[in-house]
Amino acid sequence: MAGSATSPTEQEVASMHHFIENALDLLIKGNAKSYQYLIQQLTLMPPPVATRRKIFRALPRCISTMAREPRAYRALLDVLFKCDLLASGDPLEVEDYTSFIVHLVSSNTVYVLPALHMLVRNMRRPQGKELPPDLRALEDKKDEPKKPATTGGITIGGSFGASVAAPTSVVDAVQEAKGPSLDERIQARFEAAHKTLERVLALVPTAANVLFPILCEHFPHKRMDAPTQVAYLRNVLRVTGYVSGLRERVLGLIIDQLVAIDVEIKLDESEEDVFTMDDFLDDDLLPPDDSSRQVDEMADKLDQMMLVMFEHIEQCSASSETVTDASNGEKDVDVRQAALIFKYLLKVFEHSILNTHRSKYPQFLLFYVCRVDPQFQDVFISQLLSSSLDPHTPPTTRQSCGAYLASFLARAKYISVAYLQKALYHLLKWLHDQMDIYDAAHQEQLDRDEAREGESSVERDERLLEEREKRETHPTGDQAFQESIYISSLQTVCYMVCFRGLEIATSDDGAGYEFLRSLGWERLLVTSTGYCPLAYCQQTVATEFLNLVEAFDLVSEECLERVDQAIGTVSSLTSKSTKSMERSKKPTAGSAPASTLLGQRQPLETFFPFDPYLLRLSFRYIGPSYLYWKHADPTSSENCELLESVKATIRQMQEDAEEEEDDSEEEEDLNDEDVSMAGSAPNPMSLSNASYGADSYMGSLSRSCNMSVTSSYDGEDFVDEDRAPVKRPLPSRTMFDPSPALSASSPPSRLPPLGSADAFTLGGFDDDEDEGF
């Protein structure tokens, strides 16, 4: 590193000013010797610090001269705008240079664009070939593996017979103590670039309009090393601290870069059990490094970048009053600032992540932010629900939304049971509506087949013509059975119930189980025609789901047998697998004759975007909020008590149902006896003219025995001391009949109501103060 020179005197600066003015004037007259000498002093390596400081001090006095003939002095301007703030290492020279740049920009805005390019370029970590010779040697020395020198046959602290590492020489120690390290020099370069950029933007506020394309242009290519990516990422995020208008666009730029790196990460292509792939993980840490396994370079790069993003989000959303909750060790969060981050991430998610094929990790930024406030979760869930059920959304996007919804609800610990029930209600309602369409189409097909018997060729032609005209004038559109979306939505609810079914069933003192049972699973799994949509879901998801519904008594044994038979039929059409369940082609037309069914189709692709997070450095931000299958599995040892409580609830409801059935039979017998007595009266027809009717009498008798909550008996003196308490009914397993509260809940929408007077909405973000991100 060149030593720091003393500041030039006023006389030296005046002398250099005269020299530069003379060089510029001689260039116009055809003599370029002095002009070339000036350029040479700016490009020499190592740089002559004292001379360059005089030049940078004198140049502001020559701006008016340079402005007369900018084209003639283009070579000088190009050299000036290509200066590296790292070259000399003298902070005073850098200060003189940046002051000249500010003067130049303030004199004429035509210099704004090259100045911005220069400053943003200096926010990138220089590559080895871009470093000055002295720093390049430091970089090479830093990259060399340390080989200890030997001074004998014994290593200090080692075993006998090993070699001893020589102590660091005094010369090396003095060499290292001469000045700042390479990383410190690079950091000083970044600081100078940011300070100068702030000064330029303060002088020319409109320069912010052209800054974003320059930030995009200088973003390192995805193949460049991790230190280069991380350094530029930190600097770009820092720019958003003083250019608030770029925050949303910069976040989109960063997410695009994360996605570009993410898609390069190669995972095992073999089909993996989604329920056992996280057995080796824990809530707080990943397993120790395996020295024999080579770390994927792209994964390591993405890991470091994700760590920077998590730290930035945590810092921006932290409350200005730093208070730590002693119960969980977490800092207070400024919800309003976190809401801005959530708003930006949600928009970027829709445009950059949602439809990216098998995106692995960038979506976890949204997963992390959603933990801050339940309103974020409500908005995200509602967005995914509305898109997945919207018939006007492309099918690929609908399936992606369903996969994200299933994975988010299954894996996020912080999701409440209320949100799980809301999502299940709307998904199951749509599935039942689709099954109604399927049944209607099947019945219509049977009616048409029956009507066609004995049909002549003329009648057949007329019928085909009418059907074609009907399709053209009244397209089916949303009224058609959407098989692929139906199957992906079914897999969504199956996967979600596998992970959170036990939690739902044990909630609200049995009401949660009643809700699960009231969703009418049987008609969704297999139809009367033998069509079994569950056979096209991912194998392990279907298997675990069937295990759960059997343990929770959500479907009958007869239904399970029909499902097994249908799956066996489907499996035999493709391969003779020894697995208990095999995804394969759909049933033939003979087993599912409805005309609305699609042709032979491939099994549903398995994709759960919030599968275990395997990036080691940034894992600590996700692990505590992540639900692992070993903790959610109803059959695991830690959940045995919860599973037993569900079974106890089932037994109690079955006993109550049996008692109610016995009471109903006794009531019917009593009614029959009363009817026979009324029939044996001397003049039974006179009852119609009496002051009371037989119907009213029998209705009163029935109500007095049953005393339901809807009874119209108003006798004030009547007291039923032996009346049993109201018992929870056992919901049907074939009908969709959830509780009235959920039935009355608002449907999913792109801008859902959030329930509180001061709750934000997506549309209300734009009115907030944008200060924290």
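**Note on the salt bridges and confidence of this model**

1. Arg189 and Asp84 form a salt bridge, with their closest N and O atoms 3.5 Å apart. This pair links distant parts of the chain. Arg189 sits in helix 10 (residues 182-203). Asp84 sits in the loop between helix 5 (74-81) and helix 6. The two residues are 105 residues apart. Please keep in mind that this is a predicted model.

2. The cut-off for buried is under 20%. Asp84 has a relative accessible area of 23%, so it is partly exposed.

3. Arg53 also takes part in a network. Salt bridges with shared partners join Arg53, Arg57 and Asp96 into one network. Within it, the side chains of Asp96 and Arg53 meet in a salt bridge at 2.8 Å, N to O. Which parts does this pair tie together? Asp96 lies in helix 6 (residues 91-107) and Arg53 in helix 3 (residues 49-58), so the bridge ties together parts that are 43 residues apart in sequence. Both Asp96 and Arg53 are buried.

4. How accessible are Lys29 and Asp25? Lys29 has 64% relative accessibility, and therefore counts as exposed. The cut-off for exposed is over 50%. Asp25 has a relative accessible area of 36%, which means it is partly exposed.

5. How many salt bridges does a search of the whole structure find? The search finds 21.

6. Now the confidence. The protein chain has a mean pLDDT of 76. A pLDDT of 70 or more is reached by 66% of its residues.

7. Two stretches call for a comment. Over residues 148-177, pLDDT stays under 50. The model has 21 contacts beyond four places in sequence for residues 148-177. Over residues 747-769, the pLDDT is below 50. That stretch has 47 contacts in the model beyond near neighbours in sequence.

Conventions: Residues numbered from 1 in each chain as written. Predicted model: local features only at pLDDT ≥ 70, side-chain atom pairs only at ≥ 80, totals over all residues. Heavy atoms only, no water. Salt bridge = Lys/Arg side-chain N within 4 Å of Asp/Glu carboxyl O. Buried < 20%, exposed > 50% of the residue type's maximum accessible area, 1.4 Å probe, protein only. Helix = DSSP H or I, 4+ residues; strand = E, 2+ residues; numbered from the N terminus. pLDDT = per-residue confidence, 0-100. Contact = heavy atoms within 4.5 Å.
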